[in-house]
Amino acid sequence: MSTEFNLLYEINEKLSRIEKKLNIVPDLDITITDFDDSIGQFKYFAKNGLKLEQITITSYSQIILKFLNHSKGIINPDTVKQFFDSNTSDSSKSNYLKALRKYTRDFLKLGNWIEDFKFENNSKLKIKNIPTDYQLVQFYNLLPNVQTKLIFLFLHNSGLRIGEILKLKVKNVSTISNSIDATNIHEGETKHSWISFITVQTMTHFEDHIIDNFDEDDPKHSELLLFSVPKRTLQQAFKDASEQLGFHINPHLLRTVFADRCTKAGIKDKYIDAFCGRISQGILAKHYTAYSEDALYDEYQKVESLLNLEI
């Protein structure tokens with residue numbers, strides 16, 4: 001019996017060493033009692049350990065809090081399944097799963113049981129209803145103030161994401177070339193913002209905005225954020241205008257509008273992807289000349305007339 005026990009002990013010790021070497025973590029359950037403390041620590045880990053963007057950290061933290069409230073802090077495969085069963089949107093489930101993977105697997109070190117949850121994307125290709133220029137003008141006129149209208153024009157003209165637009169500083173927009181330098185604004189694992197433009201029409205509104213809101217004699221004015229509208233406020237303004245118009249328009253749809261106009265103008269997909277920040281940093285570095293500001297400006301000239309609105 002002693003020999004058998006010693007043999008089993010040695011086998012377990014070897015397995016433990018193998019698991020440690022291969023970074024194998026046993027599947028664990030846990031109960032969280034202090035939600036705020038756990039989420040606060042997760043935010044720190046996500047920022048410093050996972051190097052996630054702040055907008056992603058905020059989104060994931062909201063999802064995690066929603067899950068903890070639903071599960072009463074109990075974290076195991078059953079409570080995760082119940083949480084997913086309570087959500088009907090497949091697109092939401094996919095995003096929720098990403099957040100819970102980071103939380104349970106990477107932060108709490110509960111093992112890999114979260115990997116058993118997979119959601120196949122079996123949905124058919126959705127055809128988006130692209131708004132007409134007339135609808136866009138109506139929507140623009142329904143927006144509540146100058147800043148939200150200018151943000152609308154930037155989104156419509158550039159193909160950039162709303163998070164990128166709201167991070168722009170005065171120095172990022174050139175009144176000489178009408179260019180937007182977003183190269184250091186969004187650097188995700190697969191997405192890298194680059195260079196885009198606004199139309200001459202939009203530039204006139206932008207220059208008025210600068211004159212009205214910034215002191216050019218202030219040596220620090222170029223480092224100030226271009227817009228002071230919170231994202232939630234902007235989203236609500238878009239929602240209210242959509243309800244009044246009877247046609248749903250959000251910032252993401254304006255990226256689709258921009259891409260649609262570029263396609264109609266005969267611009268190649270690789271340049272549309274560059275405007276929209278969908279090219280890897282490696283490709284941008286390797287083919288810099290092809291994606292230089294001058295090269296992109298030449299491409300933008302093809303679509304500019306299709307982006308002008310009667311406002």
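1. **What you are looking at.** This is a predicted model, in which local features need pLDDT of at least 70, side-chain atom pairs count only at pLDDT 80 or more, and totals for chains, interfaces and linings use all residues. Residues are numbered from 1 along each chain as its sequence is written, and side-chain values use heavy atoms, with hydrogens and water left out.

2. **The chain overall.** The secondary structure comes to 14 helices and 4 strands; helices (H or I, at least four residues) and strands (E, at least two) are DSSP runs, numbered from the N terminus. Of the 311 residues, 42% count as buried. Here buried means under 20% relative accessible area, exposed means over 50%, and partly exposed lies in between (1.4 Å probe, protein chains only). Among contacts (heavy atoms within 4.5 Å) between residues at least 6 apart in sequence, 66% join residues at least 24 apart.

3. **Helix α3 and its partner.** The axes of α3 and helix α4 (residues 77-85) come within 10 Å and cross at roughly 110°. Axes are lines fitted to C-alpha atoms, for helices over the stretch in contact, and angles run from 0 to 180 degrees between N-to-C directions. The two helices α3 and α4 are therefore roughly perpendicular to each other, given that angles under 35 degrees count as roughly parallel, over 145 as roughly antiparallel, 65 to 115 as roughly perpendicular and the rest as oblique. On the α3 side the contact is made by I63, K66, F67, H70 and S71, and on the α4 side by T79, V80, Q82 and F83. By class, this contact has 4 nonpolar, 4 polar and 1 charged residues. In this scheme Ala, Val, Leu, Ile, Met, Phe, Trp, Tyr, Cys and Pro count as nonpolar, Asp, Glu, Lys and Arg as charged, and the others, Gly among them, as polar.

4. **I57, also in α3.** Helix α3 holds I57, which counts as buried because its relative accessibility is 2%. Leaving aside neighbours within four places in sequence, I57 is in contact with K43, A46, K47 and L52.

5. **A pocket lined partly by α3.** The second largest pocket has a volume of about 190 Å³. On a 1 Å grid over the protein atoms alone, a pocket is an open set of points where a 1.4 Å probe fits, with protein on both sides within 12 Å along at least five of seven lines, and lining residues have an atom within 4 Å of a point. Both α3 (54-71) and α8 (162-167) supply at least two residues each of the lining. The lining includes Q54, I55, T58, G163 and L166, and by class it has 6 nonpolar, 3 polar and 2 charged residues.

6. **Two lysines worth a look.** Most residues other than glycine have a negative phi. K72, in the loop between α3 and β2 (74-75), has a positive phi near 60°, and K72 counts as exposed at 67% relative accessibility. K109 also has a positive phi, of about 60°. K109 sits in the loop between α5 (90-107) and α6 (133-142) and is partly exposed, with a relative accessible area of 46%.

7. **A295, in the last stop of this tour.** Helix α14 (residues 293-307) contains A295, which counts as buried at 18% relative accessibility. Beyond neighbours within four places in sequence, A295 is in contact with T289 and A290. A295 and Y271 are 24 residues apart in sequence and 9.3 Å apart in space, C-alpha to C-alpha.

Technical notes
Points joined across faces, edges and corners; volume = space filled by probe spheres on them.
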